[in-house]
Amino acid sequence: MYSSDDSAPVGKRIKSQRARVGMSRPVLAGLVGRSTEWLKAVENGRIQTPRLPMLLRIARALELEDLAELTGNDHAVPVSVFAGERHSTLNAVQAALTDFRLSPPERAVSSEHLAERLRQAWHVRHASPDHRTQLGALLPGLIRDAQSAARSTGDERRAARRALAGVYQLADFYVAYQPAPELVWLVADRALNESYEADDPYIIACSAWAMVQALRDSGRWVEAIALARNAIDRLSPYLHRDETSGDWRGIAGALDAEIAYVHARRGRYGEAWEYWERADRTARQLGPAYRHVQTSFSIPVMAAHATTLGVELRRPGEALQASNGFDADRIVSLPRRSRHFIEVARGHSQRDESTAVFALLDKSERTAPETIRYNGYAREMLHALAKHPPSGMRDDVRELCQRVGVPG
């Protein structure tokens with residue numbers, strides 16, 4: 001029987017809640033993208049408590065409304081505080097992703113036309129403060145047309161599969177951090193599958209980049225690193241050819257940056273900075289004007305990655321020093337710039353500097369409100385600020401919480 005003892009460890013609480021709903025360990029492990037052995041180790045306290053993103057996945061899988069059922073906090077903490085609500089267009093995007101096998105092919109669409117629409121959609125994604133709303137309007141039609149084109153025959157099919165992989169890569173940015181983690185895995189897996197079918201090392205690497213992030217956020221670190229390295233190996237024969245596009249080196253650098261992030265998440269200081277330096281060298285070789293469209297890989301974003309590494313490694317001084325070393329306005333993508341402000345806020349939060357935390361979160365919201373609205377770390381910091389606002393800033397905190405959708 002479930003015990004409400006607040007002193008019970010998180011692992012024991014997960015096990016109790018799982019038993020309460022009659023869910024087996026393999027089923028819950030599968031729903032959160034981990035192995036049965038991993039979940040058993042968590043429940044028995046043999047490994048450290050999962051981080052917030054994984055706790056949110058477990059809470060959703062167990063259909064819990066209050067995260068305190070797992071964490072044992074003294075006060076109720078609604079799951080929606082950290083996860084955010086479903087975007088109003090998520091149902092339409094989900095339907096386009098899941099019903100294509102039930103529907104006959106739509107009208108024929110050329111791969112060239114799809115590629116141009118996809119290029120425009122990427123521009124919208126990076127240039128729009130309300131990027132999820134904008135993508136939510138574009139994706140259903142783009143997904144259905146690309147799926148239809150990929151079911152064609154003849155010479156067009158390979159190009160259509162490349163376009164469909166790109167559409168799934170774009171969809172990954174839309175579904176990320178929304179309360180539908182199963183869609184993250186769906187689009188990442190489909191992007192990789194279409195890339196392999198197209199037999200294009202560059203498209204494979206771009207799809208691998210998205211899957212590496214899904215694996216990282218699920219704590220599947222060894223798999224994430226192996227996939228990133230495999231994708232880089234596939235690119236290697238092409239990277240030093242004169243006719244090879246800079247984007248091939250750009251995605252290789254972005255994958256090195258993701259390996260650095262995984263090592264930082266694991267607490268591996270030396271390995272994290274080794275791969276960051278490799279990625280940074282690539283960015284500088286590509287020059288100050290270069291930016292990879294999908295990943296935003298560039299010199300400014302590598303500087304932003306340095307802040308994230310410091311935060312993940314629990315070295316806030318290094319994180320904040322990195323953030324002071326460049327102008328964040330040089331990050332072209334508004335959602336990526338907004339996320340950087342959240343990462344800087346995390347650094348200040350680790351030093352209990354609540355006024356600075358508020359200022360950075362406010363700047364993030366004003367830069368791209370649909371980034372902070374779905375960022376669990378930002379929502380967690382806002383929840384903490386609402387309980388203990390900086391002196392004289394209670395009304396300011398309450399107003400920001402209302403704009404983001406966090407109960408204040």
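**Reading a predicted helical chain**

Me: What covers the buried residues of helix 1?
Reply: Helix 2 (25–31), helix 3 (36–43), helix 4 (52–61) and helix 5 (68–71) are among the cover. Covering rests on contact (heavy atoms within 4.5 Å). Helices are DSSP runs of H or I, at least four residues; strands are E runs of at least two; both are numbered from the N terminus. The model is predicted: local features need pLDDT of at least 70, side-chain atom pairs need 80 or more, and totals for chains, interfaces and linings use all residues. Residues count from 1 along each chain as its sequence is written, and side-chain values use heavy atoms, without hydrogens or water.

Me: Which residues of helix 1 are buried?
Reply: Buried means under 20% relative accessible area, exposed over 50%, and partly exposed in between (1.4 Å probe, protein chains only). Helix 1 covers residues 10–20. Its buried residues are Val10, Gly11, Arg13, Ile14, Ser16, Gln17 and Arg18. Just after helix 1 comes Gly22, with a positive phi of about 70 degrees.

Me: How many helices and strands does the chain have?
Reply: Count 22 helices and 0 strands. Now the whole chain. Its C-alpha atoms fill a box of roughly 65 × 50 × 40 Å along the principal axes. Of its 408 residues, 58% are buried. Take contacts between residues at least 6 apart in sequence: 68% of them join residues at least 24 apart.

Me: Which residues have the most contacts inside the largest nonpolar core?
Reply: In soluble globular proteins, nonpolar side chains tend to be buried together. A nonpolar core is a set of buried Ala, Val, Leu, Ile, Met, Phe, Trp, Tyr and Cys residues joined through side-chain atoms within 4.5 Å. Here the largest core has 78 residues. Leu139, Leu170, Met211, Ile251, Leu255 and Phe297 have the most contacts inside it. Helix 10 (residues 156–175) gives the most to this core, 11 residues. A second, separate core has 22 residues, including Leu320, Leu360, Met381 and Leu382.

Me: What does Leu170 touch?
Reply: Leave out residues up to four places away in sequence. Leu170 then touches Leu118, Ala121, Trp122, Arg125, Leu135, Leu139 and Leu142.

Me: Is Leu235 buried or exposed?
Reply: Leu235 is buried, because its relative accessible area is 0%. Find Leu235 in helix 13 (residues 221–235). Set aside neighbours within four places in sequence, and Leu235 contacts Pro201, Tyr202, Ala205, Trp248, Ile251 and Ala252. Now look at Ala205, 30 residues from Leu235 along the chain. Their C-alpha atoms are 7.6 Å apart.

Me: Where is Ser323 found?
Reply: Look in helix 17 (residues 316–323). Ser323 has a relative accessible area of 11%, so it is buried. Beyond residues up to four places away in sequence, Ser323 touches Thr307, His340 and Val344.

Me: What is the phi of Asp199?
Reply: Phi of Asp199 is near 55 degrees, a positive value in a residue other than glycine. Asp199 sits in the loop between helix 11 (181–198) and helix 12 (201–217). Its relative accessibility is 53%, so Asp199 counts as exposed.

Me: Is Arg314 buried or exposed?
Reply: Arg314 is exposed, because its relative accessible area is 59%. Find Arg314 in the loop between helix 16 (299–312) and helix 17. Its phi is near 60 degrees, again positive in a residue other than glycine.
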